Amino acid sequence: MYVLNTWYVAAWSTEVTRQPVRRVICEQPVVLFRTSRDKPVALVDRCAHRAFPLSAGRTIGDSIECGYHGFTYGADGACTKVPAQSTIPERARVASYPLHEKDGWVWIWMGAPEDADPADIPDTHWMVDPGWATVTHSVHFKCRAELIHDNLLDLTHESFLHKTTVGDDYIYEHGITVEVEGNVVNVDRLMPSVEAPPLYAETMGISGNYDRFHCTEFFVPNLHVLHSGITGEGQPREEGYLIKVLNGITPIDEHNSWYYYAFSRNFAVENTEATEQLKGGLATVLQEDADALEAQEQGMQTRPAGEFDVLIAQDGGVAKARRILAALLRAEAKATSEKAPASVTAGAR
């Protein structure tokens, strides 16, 4: 169901404080908090004593205290105190998850802790670069993560779903090129000599024809970086109005996902009015996506077995990303099977 040996966005850095906060990631309840030294910690949100959520407790020093019977756990998940007795049961501990804080996001590794390497986290530096201005949003999407991935890899939907903000008919009139390198899928679309969409034209203060481009870089299965922008006709992309749209997609369960969104721009950086316009316009875009994908999720749940998507040329990136995701899931299932004790494997047969 989920790739676990990967980094997912667990929260914005500002959301993780001394006050415990609960997240459900890949169906696993997690409690996030900071130690007295400001280090972020992630533990299973379930006390070893009676399965009470630790997120309903409080932090004490570098530990978290269960709000039911006072069992206290350190940052490594080991129980350090049982108020009702002096001895601590050997099994009194909860699992901890590797975390890494980067560019305003707190990333969590849900798989084997020994495989967690922060170097695998994609580049998102634009969110904290002073040369760029950033607008952020967090939205609970009532759909499986795969639908969000498909949505971001096939941006022809902008022509129909986002007409008043970033859409135009010319988007679907131009084809794409798709490249794959390892577990990264790139879907590039150039739209030469077109008008800027309403939301961009207003904040950029431009009119007339420009070259517009989209390049979605999907780090399967956790992050999409959309390299987008408007540049003079026939001019290099890097010389234009540039936009980096960072989309952290984190599965909650089979039918729900967290969408952590950042829109970074290299134009009108100090213009607070432009920032507010973008904040409102992009909130509209995200809500339109959320509504559409919720409706699609409902359609998926009622679709008869054996009925599948009808893919077209514009879905080239979607098809390649699905193959990579399926391969990652197969590899993890195989590794899990190989690690299982012989008695368990025999019983499964």
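Author: What follows is a set of questions about labels, each answered by setting a value against a rule. The model is predicted.

Reader: What makes Thr 216 count as buried or exposed?

Author: Buried means under 20% relative accessible area. Thr 216 has a relative accessible area of 3%, so Thr 216 is buried. Thr 216 is found in strand β14.

Reader: Which residues does Thr 216 touch?

Author: Leaving out residues up to four places away in sequence, Thr 216 touches Leu 152, Leu 153, Leu 155, Val 185, Asn 186, Val 187, His 224, Val 225 and Leu 226.

Reader: How do you know that a polar atom of the side chain of Thr 216 has a polar contact with the backbone oxygen of Leu 152?

Author: The two atoms lie 3.3 Å apart. The cut-off for a polar contact is 3.5 Å, so the distance falls within it.

Reader: Why is α1 called largely enclosed?

Author: Eight of the nine residues of α1 are buried, and therefore the helix is largely enclosed by the rest of the structure. The buried residues are Ala 145, Leu 147, Ile 148, His 149, Asp 150, Asn 151, Leu 152 and Leu 153.

Reader: How do you know how many disulfides the structure holds?

Author: A disulfide needs two cysteine sulfur atoms within 2.5 Å. For Cys 26, the nearest cysteine sulfur is that of Cys 143, 14 Å away, so Cys 26 is in no disulfide. The structure holds zero disulfides.

Reader: Are Cys 26 and Cys 215 buried or exposed, and why?

Author: The cut-off is again 20%. Cys 26 has a relative accessible area of 4%, so Cys 26 is buried. Cys 215 is also buried, because its relative accessible area is 13%.

Reader: What makes a space a cavity, and what makes it a pocket?

Author: A cavity is a space where a 1.4 Å probe fits but cannot get out, whereas a pocket is open. By this rule there are three cavities of 30 Å³ or more. The largest pocket has a volume of about 560 Å³.

Reader: Which residues are closest to the centre of the largest pocket?

Author: The lining has 25 residues, and Arg 144, Glu 146, Met 300, Arg 322 and Leu 325 are the closest to the centre of the largest pocket. The elements that give two or more residues to this lining are α1, β16 and α6. α1 gives the most, with six residues. By class, the lining of the largest pocket has 14 nonpolar, two polar and nine charged residues.

Reader: What lines the largest cavity?

Author: It is lined by 21 residues, and those nearest its centre are Glu 158, Leu 226, Val 245, Tyr 261 and Val 285. Among the elements that give two or more residues to this lining are α1, β14 and β15. The largest share, four residues, comes from α5. By class, the lining of the largest cavity has twelve nonpolar, six polar and three charged residues.

Reader: What lines the second largest cavity?

Author: Its lining includes Met 1, Tyr 2, His 149, Pro 221 and Leu 329. The largest share, three residues, comes from α1. Nine of the lining residues of the second largest cavity are nonpolar, one is polar and one is charged.

Reader: What kind of peptide bond joins Val 220 and Pro 221?

Author: The bond is cis, with omega about 10°. Most peptide bonds are trans. Pro 221 is found in the loop between β14 and β15.

Reader: What is the phi of Asp 38, and what is that of Asp 103?

Author: Phi of Asp 38 is near 75°, and phi of Asp 103 is near 55°. Each is a positive value in a residue other than glycine. Most residues other than glycine have a negative phi.

Terms used
Residues are numbered from 1 along each chain as its sequence is written. This is a predicted model: local features need pLDDT of at least 70, side-chain atom pairs count only at pLDDT 80 or more; totals for chains, interfaces and linings use all residues. Side-chain values use heavy atoms; hydrogens and water are left out. On a 1 Å grid over the protein atoms alone, a cavity is a set of points where a 1.4 Å probe fits but cannot get out, and a pocket is an open set with protein on both sides within 12 Å along at least five of seven lines; lining residues have an atom within 4 Å of a point. Grid points are joined across faces, edges and corners, and a volume is the space filled by probe spheres set on the points. Ala, Val, Leu, Ile, Met, Phe, Trp, Tyr, Cys and Pro count as nonpolar, Asp, Glu, Lys and Arg as charged, and the others, Gly among them, as polar. Buried means under 20% relative accessible area, exposed over 50%, partly exposed in between (1.4 Å probe, protein chains only). A polar contact is a pair of N or O atoms within 3.5 Å; within protein, one must be able to donate a hydrogen and the other to accept it, and residues adjacent in sequence count only if both atoms are side-chain atoms. Contact means heavy atoms within 4.5 Å.
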